Amino acid sequence: PRPSFRTVMRDRDLLLLGGVTFLYAGVQLSLAGFLVLFLRERVGLGLAEAGALLALAQGGGVVGRIGWGVVSDLLFGGRRKIVIGIIGALAAASFVVLALTGPETPRAVLLVTLAVAGVSAIGWNGINMTFVAELAGRQLSATAAGLNLTASYLGIMVCPPIFGLLVDLTGAYTTAFVIG
């Protein structure tokens, strides 16, 4: 008999990874959606420079989507869980730095922070989907991918509005980035 959706829903590891996916997708879209506003309002950058820094972060995401698989395979023997953890730690660290960023922040610090944010908070997707397929196995990989993508889309729908609400309630980006 073919495994069912119920089989996927009973897999603790796939459900936990779905929870991580929810959070990572929320962080990703909060960064992409609010970065230019943050850079203009908090850091005082012009629109062109803020847009260029968004492009830098997005470029980091491209590197991350390919690079994390290479890192996982070459440095960690294909262990995906540790790489997913490293990605989360880097994204969290970059968000803390962004929370502390202001007009006086050196451009070099801002550039490095946004590159790291891009590689981690935007570039996590490829290794995540690889991990889903490996956890689920060949027969369940499509169903597990569908569940994981549902978690991702829910994170996209839920987290950025909460990020924006935190900015509105506090009048600053600090809390939103620390919680994000």
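Glu49 is partly exposed, at 34% relative accessibility (partly exposed lies between buried, under 20% relative accessible area, and exposed, over 50%; 1.4 Å probe, protein chains only). The model is predicted: local features need pLDDT of at least 70, side-chain atom pairs count only at pLDDT 80 or more, and totals for chains, interfaces and linings use all residues. Residues are numbered from 1 along each chain as its sequence is written, and side-chain values use heavy atoms, without hydrogens and water.

Four salt bridges were found in the whole structure (a side-chain nitrogen of Lys or Arg within 4 Å of a carboxyl oxygen of Asp or Glu). Glu49 pairs with Arg107, with the closest N and O atoms 2.8 Å apart. This pair links distant parts of the chain: Glu49 lies in helix α3 (residues 47-75) and Arg107 in helix α5, 58 residues apart. Helices are DSSP runs (H or I, at least four residues), numbered from the N terminus. Arg107 is partly exposed, at 36%.

A second salt bridge joins Arg80 and Glu134 (2.8 Å, N to O). Arg80 belongs to helix α4 and Glu134 to helix α6, 54 residues apart. Arg80 is buried, at 9% relative accessibility, whereas Glu134 is partly exposed, at 43%.

Arg12 forms a salt bridge with Asp13, the closest N and O atoms being 3.4 Å apart. Arg12 is exposed, at 59% relative accessibility. Asp13 is partly exposed, at 36%.

Note on methods
Helices (H or I, at least four residues) and strands (E, at least two) are DSSP runs, numbered from the N terminus.
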